[in-house]
Amino acid sequence: MRLSTFNINGIRARLPRLLEWLEREKPDVVCLQELKCADESLPIADIEGAGYGAVWHGQKGFNGVAILARGDTPELRRVGLPGDPDDTHSRYIEAEVNGVVVASIYLPNGNPIGTEKFDYKLRWMSRLEERAAELLSEERPVVLAGDFNVVPEDRDVFSIRAAANDALVQPETRAQWRRLLNQGWTDALRAYHPDDAGLYTFWDYTAGCWQRDAGFRIDHLLCSPEVSDRLDGAGVDKWARGEEKASDHAPTWIQLI
């Protein structure tokens with residue numbers, strides 16, 4: 001099974017790029033983020049035409065998450081992250097595919113720091129930590145996949161000095177990330193590339209970031225012990241970021257045996 005996560009940055013605007021990637025890489029399971037599209041406007045017919053079933057949690061104009069399965073339809077388990085009934089953002093969806101529980105996550109950005117947006121990010125991470133603990137307690141294969149908007153270490157960004165005031169690198173953000181991992185999750189991409197600097201998944205559209213390879217590693221696949229035992233590879237489909245009218249993220253994947 002190849003399981004990928006991809007912040008598509010607008011599924012309708014990037015539909016040709018999504019279909020191109022699906023055809024070329026043929027991932028078995030796909031977690032999408034930032035659909036920026038209401039449920040009724042999602043291009044489901046095109047996705048099904050590419051051979052994928054889907055479950056989704058859309059929102060007009062921003063946010064939005066989905067899970068796709070090749071030749072199958074994911075079995076929906078949960079829409080929305082528990083813990084705050086007043087949170088209306090479409091940032092979390094959970095389903096089961098071929099015996100693996102998969103969550104597609106679009107964690108809040110949190111910028112600018114010192115504002116309610118940063119507080120919301122930290123609260124959201126605490127709620128995710130609670131849900132992640134519940135999933136681990138099931139002792140089943142689980143993958144938390146998505147745009148976490150967390151740069152785990154200084155080497156995961158092209159310039160920590162340039163990013164010093166970014167919510168993605170703040171000590172509070174990283175502390176909560178470590179608490180999540182310390183529950184027993186494996187950061188699959190880093191586990192497979194322990195010594196690689198420049199292991200990026202996002203390049204901003206501004207200031208020639210793509211051309212300069214000035215990137216961030218913020219798209220992650222966290223694996224429960226039952227999945228970690230089956231890991232057989234992890235990587236980034238960097239080519240997709242270089243296509244015309246591409247998302248500012250590249251698909252990131254793991255391979256399971």
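In which sense do strands β6 and β7 pair, and over how many bridges?

Strand β6 (residues 92-97) runs antiparallel to β7, and the two pair over 6 bridges; strands count as paired if DSSP finds at least two bridges between them. Glutamate 96 has valine 101 of β7 as its bridge partner. The two strands form a hairpin with 2 residues between them, and asparagine 98 in that turn has a positive phi of about 50°.

A quick word on the source: this is a predicted model, where local features need pLDDT of at least 70, side-chain atom pairs count only at pLDDT 80 or more, and totals for chains, interfaces and linings use all residues. Residues are numbered from 1 along each chain as its sequence is written, and side-chain values use heavy atoms, with hydrogens and water left out.

## Wrapped up inside

In β7 (residues 100-106), 7 of the 7 residues are buried, so the strand is largely enclosed by the rest of the structure. Buried means under 20% relative accessible area, exposed over 50%, and partly exposed in between (1.4 Å probe, protein chains only). Val100, Val102, Ser104 and Tyr106 point one way, while Val101, Ala103 and Ile105 point the other.

## The other neighbour

On to β8 (residues 142-147): β7 pairs with this strand in the parallel sense, over 6 bridges. Here alanine 103 has leucine 144 as its bridge partner.

## The whole protein

The protein has 7 helices and 12 strands; these are DSSP runs numbered from the N terminus (helices H or I, at least four residues; strands E, at least two). Buried residues make up 57% of its 257 residues.
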